[in-house]
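Here is a short report for a reader meeting this structure for the first time. Please look through the sequence and the 3D view before reading on.

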Amino acid sequence: MKWRLIGPFRGGRALAVTGVTSQPNTYYFGAVAGGIWKTTDGGVSWDPLFEKQTTSSIGSIAISNPIPT
């Protein structure tokens with residue numbers, strides 16, 4: 001096994017992590033210093049979704065599956 005970076009290149013810790021059941025490569029994490037990040041490729045790349053808000057920390061995160069019609 002070889003070490004590799006699986007999150008965005010930034011300091012800090014992930015406080016809350018969740019995935020999307022129907023999309024096995026999609027995950028979100030909330031950072032201790034604030035901000036929510038998303039990956040759709042299993043962690044190879046991450047996109048910031050909520051990093052410019054004046055939030056000091058993300059304490060929890062959840063994904064809601066839509067109700068089928």
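## Confidence

The chain has an average pLDDT of 78, and 77% of its residues score at least 70. This is a predicted model. Among the elements, β3 has the highest mean pLDDT, at 89. The lowest mean belongs to β1, at 83.

Where pLDDT is low, predicted coordinates should not be read in detail.

## Overall make-up

The chain holds four strands and zero helices. From the N terminus on, its elements run β-β-β-β. The chain has 69 residues, and 26% of them count as buried. Its accessible surface comes to about 5400 Å². Carbon and sulfur atoms account for 56% of that surface.

Contacts can also be sorted by distance along the sequence. Take those between residues at least 6 apart in sequence: 31% of them join residues at least 24 apart.

Now take the pairs in turn. β1 and β2 run antiparallel and are joined by six bridges. In this pair, T18 has Y28 of β2 as its bridge partner. β2 (residues 23–31) and β3 (residues 36–39) pair in the antiparallel sense over four bridges. Here G30 stands opposite I36 in β3. β3 is joined to β4 (residues 47–48) by two bridges, and these strands also run antiparallel. In this pair, K38 stands opposite D47 in β4.

## The hairpin of β2 and β3

β2 and β3 form a hairpin with four residues between the strands. In this hairpin, G34 takes a positive phi near 100°.

T18 and L15 both belong to strand β1. Are they buried or exposed? T18 has 17% relative accessibility; buried means under 20%, so T18 counts as buried. L15 has a relative accessible area of 47% and is partly exposed.

Their contacts can be listed too, leaving out residues up to four places away in sequence. T18 touches Y27, Y28, I61, A62 and I63. L15 touches G30, A31, V32, S57, I58 and G59. One of these, G59, is 44 residues from L15 along the chain. The C-alpha atoms of L15 and G59 are separated by 6.4 Å.

## The nonpolar core

Which residues make up the largest nonpolar core? There are six: A16, V20, Y28, I36, I58 and I61. As a general rule, nonpolar side chains in soluble globular proteins tend to be buried together.

Some of these names have come up already. Y28 is the bridge partner of T18. I36 is the residue that G30 stands opposite. I58 is among the contacts of L15, and I61 is among those of T18. V20 has contacts of its own: V20 touches T26, Y28 and I63, not counting residues up to four places away in sequence.

## Aromatic pairs

How many aromatic pairs does the structure hold? There are two. In one, the rings of F29 and W37 have their centres 6.4 Å apart. Their planes lie at 10°, so this pair is stacked. Both F29 and W37 are buried.

The other pair joins F29 and W46. Its ring centres are 5.2 Å apart, with 75° between the planes, and the pair is edge-to-face. F29 lies in strand β2, while W46 lies in the loop between β3 and β4. The pair therefore ties together parts that are 17 residues apart in sequence. W46 is buried, as is F29.

Terms used: Residues are numbered from 1 along each chain as its sequence is written. This is a predicted model: local features need pLDDT of at least 70, side-chain atom pairs count only at pLDDT 80 or more; totals for chains, interfaces and linings use all residues. Side-chain values use heavy atoms; hydrogens and water are left out. Two strands pair if DSSP finds at least two bridges between them. Buried means under 20% relative accessible area, exposed over 50%, partly exposed in between (1.4 Å probe, protein chains only). Contact means heavy atoms within 4.5 Å. Accessible areas come from the Shrake-Rupley method with a 1.4 Å probe; for residues, only the protein chains shown count as cover. A nonpolar core is a set of buried Ala, Val, Leu, Ile, Met, Phe, Trp, Tyr and Cys residues joined through side-chain atoms within 4.5 Å. Rings of Phe, Tyr and Trp (its six-membered ring) pair if their centres lie within 6.5 Å; planes under 30 degrees apart count as stacked, over 60 as edge-to-face and the rest as tilted. pLDDT is the predictor's confidence in each residue, from 0 to 100.
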